[in-house]
Amino acid sequence: MRTNPVKRLLKAGQPSVGTWLSLGNITAARFLARAGFDWLTVDVEHSLVNVETTTHMIASIADAGCVPLVRVPSNRHDHIKRVLDNGGFGVVVPMVCTRQEAQDAVSACLYPPFGTRSVGGSVHALNFGASPVEYYAKANDEILVVLQCEHIQAVRNFDEVYSVPGVDAVFVGPNDLAASMRDPTGRPPAADVFQQALADILAGAKRIGVPAGIHTFSIEEAKARIADGWQFVAVNSELKFMADGAKQVVDGLGLGKGGDLAKY
């Protein structure tokens, strides 16, 4: 059975770099799976992609030798079960704010006696190059559990929330985190206040021994985050890569001012 190299990199204290797939496009996933990233995350929370297309995308990623992850729509047992049963090597679970929510997410990812994931499915074993019997016996050791820290309350209660056994990484959602820090008038937090929240997350992750992750938007930012100790690092998305490339051509040829079409 295939192992999950991303899980092992994180456990060894090494960085692991990937990108987001937000367009729900199987062909784009096939190409990026061969581009050299450690992992690709299919975003099912904020995209139009359905479970059938997600299944084909993660199969294409796995067949290329890359690690397919899925950000589920929400922290629900059925969402997590379905993407794992259809071949995901792990999940990114959004908006985990309490210890109970963290426990529920981990439990949904693991077969008994360590969790409550039900036994079923078939293509999960194909993606791991295993028989179903092998998969059921070893899946608990290979599934990557990434919980998102996206609210300032979760930052304040960091140790309590993310010290749950079975959490492989904590991943910052910068946009939602900043939104949760707006003042009563709707003003976003000052830059230094937001950076302090990120520093608190990184310090908390180091304190409890769980790798920290964050979304970045340039090579330079990714390098700086890795140097600071962030391990699970996303750089842009396939949409952002495409939009930025198109803008560079449009601006460079003087065809007009290319718009900022994608935030990430």
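**Parallel strands and a helix pair**

Val-146 stands opposite Ala-169 in β6. This is a predicted model, where local features need pLDDT of at least 70, side-chain atom pairs count only at pLDDT 80 or more, and totals for chains, interfaces and linings use all residues. Residues are numbered from 1 along each chain as its sequence is written, and side-chain values use heavy atoms, with hydrogens and water left out.

**Strands β5 and β6**
- β5 (residues 144–149) pairs with β6 in the parallel sense over four bridges; strands are DSSP runs of E with at least two residues, helices are H or I with at least four, all numbered from the N terminus, and pairing takes at least two DSSP bridges.
- On β6 (residues 169–172), Ala-169 and Phe-171 point one way, Val-170 and Val-172 point the other, and all are buried (under 20% relative accessible area, 1.4 Å probe, protein chains only).

**Strand β7**
- β6 also runs parallel to β7 (residues 212–216), joined by two bridges, and Val-170 has Ala-212 as its bridge partner there.
- Why is β7 largely enclosed by the rest of the structure? Five of its five residues are buried, so β7 is largely enclosed.
- Ala-212, Ile-214 and Thr-216 cover one side, Gly-213 and His-215 the other.
- β7 pairs with β8 (residues 232–237) in the parallel sense over four bridges, with Ile-214 opposite Val-233.

**Helices α4 and α5**
- α4 (residues 77–85) and α5 (residues 99–109) pack at about 30°, axes 9 Å apart; axes are lines fitted to C-alpha atoms over the stretch in contact, and angles run from 0 to 180 degrees between N-to-C directions.
- His-77, Ile-80 and Leu-84 of α4 meet Ala-105, Ala-108 and Cys-109 of α5, contact being heavy atoms within 4.5 Å.

Terms used:
Buried means under 20% relative accessible area, exposed over 50%, partly exposed in between (1.4 Å probe, protein chains only).
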